[in-house]
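I want to know what lines them.

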Amino acid sequence: MRVWKTWLLMVWLFPLQVFASDYFHQLGWTSADSKLNELLQYPSVVEQIYQENGEQLIWFDLQQGSSLEFQLEVIQHAGFSPLFSRQLSYLQFYRKSNRWFEYDLLATDTLLLYLNYAEKAKTNGGEWFFERKLTESLQPIPTGAVVAVRRAVANQQLSALIESYTPDSPDYLRLIDTYLHISKHDKRNIPLLEQGGLIKVGDKLLDRELLLERLSVVDVDLANVRRDVTYYDMSLVPAIKQFQKLHGLKEDGVIGPETAKWLNVSMKDRLTTLALNAERIRYWPSDKDTIIVVNVPSYEMTYWHGGKNVFESKVVVGRQARPTPLMITNLDTLILNPTWNVPWKIMVEDIIPKMKEDPEYLARQHIEILPKWGSKERIDPQQIDWGAMNPKSFPYRMTQRSGNQNALGLYKFNTPNKRAIYLHDTPSKGLFNEPQRAFSSGCIRVEHADVFASRLLEHQGLTKSKLSAEADRSNKKIPLRQRIPVHIIYQTAWFEEGKTHYREDIYQLDTFGYTKG
């Protein structure tokens with residue numbers, strides 16, 4: 001008996017496909033050359049589950065199979081896992097071919113794979129959604145997932161199990177609702193809008209009904225739009241402005257190239273965007289007690305305290321050549337009137353080339369040259385032959401004095417990390433009026449930074465008088481009594497104010513144009 005138990009334990013811990021394939025072949029469920037033998041990810045675990053179930057089929061309720069297949073369909077549309085796409089395609093093939101034994105075995109095995117994915121997405125999601133596609137089997141499988149499947153099989157509660165491993169947050173559920181809505185339009189082959197140029201009130205529309213149909217796809221309110229005219233009338237303006245708002249465009253009511261581009265986004269691309277961003281929710285923080293979240297594609301930041309949204313702000317993020325990295329860090333210090341130690345890349349690629357063209361650039365920007373960090377000595381710019389200088393061989397450092405012209409503005413919200421990414425004020429306030437705000441070199445510029453600073457001090461139990469009392473001192477540090485987690489995320493679709501919003505994939509991360517890995 002002890003030897004038998006030891007053998008079972010070895011099978012459990014070290015899946016050997018030959019055992020499972022022989023077992024199911026002996027039952028008459030599969031042929032010796034069945035493709036299923038290659039598809040099963042956890043064959044020995046699956047064998048034990050069927051032994052415990054009296055060698056009976058498990059997926060006799062088609063609704064349970066539909067629940068599993070829908071989750072796999074969302075993952076397939078998200079586009080990050082060829083592994084899940086392959087498993088789904090074979091499940092569909094077996095189902096349509098009435099090959100129920102093979103369907104049953106693959107469904108059980110894929111359920112284990114799905115639970116494994118769902119558990120590990122909380123930690124590995126950053127890799128799968130942004131760095132490297134999920135192509136290989138997930139090993140090992142957590143014991144808890146195996147126990148959950150065995151219990152669900154015994155109690156015939158597979159659908160409930162699948163639901164329990166699927167996000168139940170409002171953000172996820174509303175994106176899935178939108179996904180289902182768009183799916184209805186997917187096979188209708190809606191034509192593209194071909195009218196070019198700028199279309200304003202009073203202009204003739206080549207196909208007004210097609211325009212309205214395209215607007216209805218993204219749930220734009222058309223209740224008050226007239227149906228008895230063919231031109232662009234005033235009743236259509238609110239609908240166009242709402243569409244522009246949902247896509248982060250300038251809300252001017254003019255159908256220009258950017259608005260037309262978003263109107264012509266295919267149903268397939270919208271489904272991919274919705275599915276991918278829904279799956280990403282598994283990875284983002286769910287606890288919003290006290291946290292700061294910056295969503296890069298939306299150019300927005302939100303600060304929660306005590307579970308309440310206490311501050312929202314537009315932000316400027318890194319341009320495509322210098323993207324703001326997705327990361328988790330902590331805000332620990334507010335710095336008043338900061339000086340700016342110019343990063344090497346900005347000094348070499350931006351500032352030195354400008355000095356070659358304009359010898360007064362450093363003086364106007366209040367930038368000083370140091371022999372090394374921490375030195376009180378200053379190098380006279382006129383002693384440097386800028387024309388002959390190779391920027392990459394520049395032997396000095398640069399720092400910008402504090403003040404209204406400082407690149408960091410009057411406030412720096414320090415978040416120590418290896419990449420030197422932090423939040424800060426800016427003297428370039430006009431950039432916050434732009435609908436797309438990817439202009440920085442990686443750090444995050446915050447609109448209304450003074451209000452943000454006050455909120456932070458207030459919630460830390462510090463008095464606002466500190467801001468005014470230290471207003472004239474450079475680099476005055478005010479440590480926070482409690483560090484605040486800062487999550488920099490990347491969502492190109494989300495639900496807000498009753499509607500799903502979409503944004504440009506500014507770093508090409510939705511199409512897996514990875515910036516790392």
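I sorted the lining of the second largest cavity by class: seven residues are nonpolar, none is polar and two are charged. Here Ala, Val, Leu, Ile, Met, Phe, Trp, Tyr, Cys and Pro count as nonpolar, Asp, Glu, Lys and Arg as charged, and the others, Gly among them, as polar. The lining is made up of R214, V217, V218, F243, W262, L263, V265, M267 and R270. Two or more of these residues come from each of α11 (208-217), α13 (257-263) and α14 (267-280).

The model is predicted, with local features needing pLDDT of at least 70 and side-chain atom pairs pLDDT 80 or more, while totals for chains, interfaces and linings use all residues. Numbering runs from 1 along each chain as its sequence is written, and side-chain values use heavy atoms, without hydrogens and water.

I checked the terms. On a 1 Å grid over the protein atoms alone, a cavity is a set of points where a 1.4 Å probe fits but cannot get out; a pocket is an open set with protein on both sides within 12 Å along at least five of seven lines; lining residues have an atom within 4 Å of a point. Points join across faces, edges and corners, and a volume is the space filled by probe spheres set on them. Helices (H or I, at least four residues) and strands (E, at least two) are DSSP runs, numbered from the N terminus.

I counted two cavities of 30 Å³ or more.

I then turned to the second largest pocket, with about 1300 Å³ of space. It has 49 lining residues, and W340, P343, I346, S441 and C443 are the closest to its centre. α15 gives the most to this lining, five residues.
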